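Please look over the model below with the ligand site in mind. My notes follow as numbered points.

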Amino acid sequence: MSKFDILKYLKTDYLGREIVYVDITDSTNSLAKRESNKKDGTIFVANMQTAGRGRNGKSWISKSDEGLWFSILLKPQKNVSELSGLTIAVGLAVLNAINKLAGVKAMIKWPNDIVLDGKKLCGVLCESVIHDGICECLVCGIGINILSESFDEQISSVATSLKISTGKEFSREEICAEILNELEILYFEYLKNGLGNLIANYKENCITLGKGIVLISDEGKKDALAVDVGDDGELIVIINGEKKHISSGEVSVRGIMGYV
Ligand code: BTN
């Protein structure tokens, strides 16, 4: 990968205008946190991660030359409690960029897994760095399987790549730049007006809605029906006839029959 090729496709004013590219690192999210003194909008891209991290304490397999593994450092002048919907905006930007460039009709599994052919193509991990109760910055990490031709046995039934699903090889740099191009617009909209103008587009593309799902948390598993997404991006479900609002930090969601 080359950072000059990312810049070639970039149309943003500030997202990705500073790029830290490394061939190998533990996790680009961890790298971004260690280098959080860098400018707002800096991105950290790696060809390979040795300790890629996923949501809910899971690991994220990030082999050399197979995918786009990168993190965006954001310094919004807001309290972290006002930013809970940001992860939804990031998921939507990633979805729009992939569908546009790859000509596919991927969907979002709440909150922000990107799903193609019923399998996971991409994951998003947004983390905040908090010092003395104040949010110093946010790190949004995005992992997309682009060129992988196969997966290790433990994830092969639930994971796909653009190469596997379309048979084509896409440029990781172009996808990276397109995500930033999309996100800059959605991010400014989100900071100004919250999810209000984005949520309809999100819901149209959310594969979880209207489905029977299993909510998995520390308390165990619960069957639910996913009925809506709220103004802050929370999933609205019905459990035992009762409406509940679920925030993405609390649970992971599975389909009744499998991953979706
Ligand atoms: C998920 O569990 O779905 C989230 C996966 C996020 C993976 C990306 S790859 C780039 C960045 N660095 C990490 O360690 N994780 C994120």
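1. A polar contact here is a pair of N or O atoms within 3.5 Å; within protein, one atom must be able to donate a hydrogen and the other to accept it, and residues adjacent in sequence count only if both atoms are side-chain atoms.

2. The model is predicted, so read it with its thresholds: local features need pLDDT of at least 70, side-chain atom pairs count only at pLDDT 80 or more, and totals for chains, interfaces and linings use all residues. Numbering runs from 1 along each chain as its sequence is written, and side-chain values use heavy atoms, with hydrogens and water left out.

3. A polar backbone atom of R53 is 2.7 Å from a ligand nitrogen. A backbone N or O atom of R55 sits 2.7 Å from a ligand oxygen. The protein buries 97% of the 410 Å² that the ligand exposes when taken alone (accessible areas by the Shrake-Rupley method with a 1.4 Å probe).

4. Helices (H or I, at least four residues) and strands (E, at least two) are DSSP runs, numbered from the N terminus.

5. Now the sheet with β3, β6 and β7. This open sheet has seven strands, ordered β1-β2-β3-β7-β6-β5-β4, with mixed pairing (two strands pair if DSSP finds at least two bridges between them). β1 (19–25) and β4 (107–109) are at the edges with a single partner strand each, so one side of each has no neighbour in the sheet. The twist averages 20° from one strand to the next (axes are lines fitted to C-alpha atoms, and angles run from 0 to 180 degrees between N-to-C directions). β3 and β7 run antiparallel and are joined by eight bridges. G67 has N145 in β7 as its bridge partner.

6. A second open sheet has five strands in the order β11-β10-β9-β8-β12, with antiparallel pairing. β11 (242–246) and β12 (252–255) stand at its edges; each has a single partner strand, so one side is left without a neighbour in the sheet. Neighbouring strands are turned by 45° against each other on average, direction ignored. Four bridges join β9 (220–229) to β10 (235–239). D228 stands opposite I236 in β10.
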